[in-house]
Amino acid sequence: NSIFLRTCHNCTIYAACKQFRVRDCTNCKIHLFAGTDPVVETSSNIHFKPLNIRLPGMKTAFKKANLDPSVNRFVHVYDFNAEDTKYPEPHFIVTNEGHGLKMENMCAEDGTPECPPEIEMLLDGRLAPAASRS
């Protein structure tokens, strides 16, 4: 239920998890569902956006992982190095409103792509991100 990215550069990640951490990464786009506030450490130009994919079995995967799809905290990023000028700014960017994203079906060859309805509701503005727990 935790994802820890380390030393990733110039990549795009789609992730759903309870805890999400990034360390020593640069220029990454993260399409995220996070049950807790994401963490950035010693990284720069990490761009957080809402998760926007459908996958075969995604509803079941959320249930098995005990992820509440109505509680996405991807916008509440904690930066361990907020005051450290050693790392290029911006350390991270969060885009929620005006993101221009559309839902994408992935891995259709493995079954019918699906997602919990709350994922689509957040993407189109009918559901707000959950409050921070920090």
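Biologist: Let's start in the core. Is phenylalanine 33 buried or exposed?

Modeller: This is a predicted model. A residue counts as buried under 20% relative accessible area. Phenylalanine 33 has a relative accessible area of 0%, so phenylalanine 33 is buried. Phenylalanine 62 is buried too, at 4% relative accessibility.

Biologist: How many aromatic pairs does the structure hold?

Modeller: There are four aromatic pairs. One of them joins phenylalanine 33 and phenylalanine 62, with 5.0 Å centre to centre and 65° between the planes, which is edge-to-face. Phenylalanine 33 belongs to strand β4 and phenylalanine 62 to helix α1, so this pair ties together parts 29 residues apart in sequence.

Biologist: Why is the pair of phenylalanine 48 and phenylalanine 92 edge-to-face?

Modeller: Planes over 60 degrees apart count as edge-to-face. Here the planes stand at 75°, with the ring centres 6.5 Å apart, so the pair is edge-to-face. Phenylalanine 48 sits in strand β6 and phenylalanine 92 in strand β9, 44 residues apart. Phenylalanine 48 is buried at 0% relative accessible area, whereas phenylalanine 92 is partly exposed at 26%. Ring pairs also bring Phe20 into a cluster with Phe48 and Phe92.

Biologist: What is the order of the strands in the open sheet?

Modeller: The order is β2-β4-β6-β9, with parallel pairing across the four strands. At the edges lie β2 and β9, each pairing on one side only. From one strand to the next, the twist averages 25°. Strands β6 and β9 run parallel and are joined by three bridges. Isoleucine 46 stands opposite phenylalanine 92 of β9.

Biologist: Which residue lies over the face of phenylalanine 4?

Modeller: That is arginine 21, at 5.9 Å from the ring centre.

Definitions and conventions
Residues numbered from 1 in each chain as written. Predicted model: local features only at pLDDT ≥ 70, side-chain atom pairs only at ≥ 80, totals over all residues. Heavy atoms only, no water. Pairing = 2+ DSSP bridges. Helix = DSSP H or I, 4+ residues; strand = E, 2+ residues; numbered from the N terminus. Axes fitted to C-alpha atoms, helices over the stretch in contact; angles between N-to-C directions. Phe/Tyr/Trp six-rings, centres within 6.5 Å; stacked < 30°, edge-to-face > 60°. Buried < 20%, exposed > 50% of the residue type's maximum accessible area, 1.4 Å probe, protein only. Lys NZ or Arg CZ within 6 Å of the ring centre and 35° of its normal.
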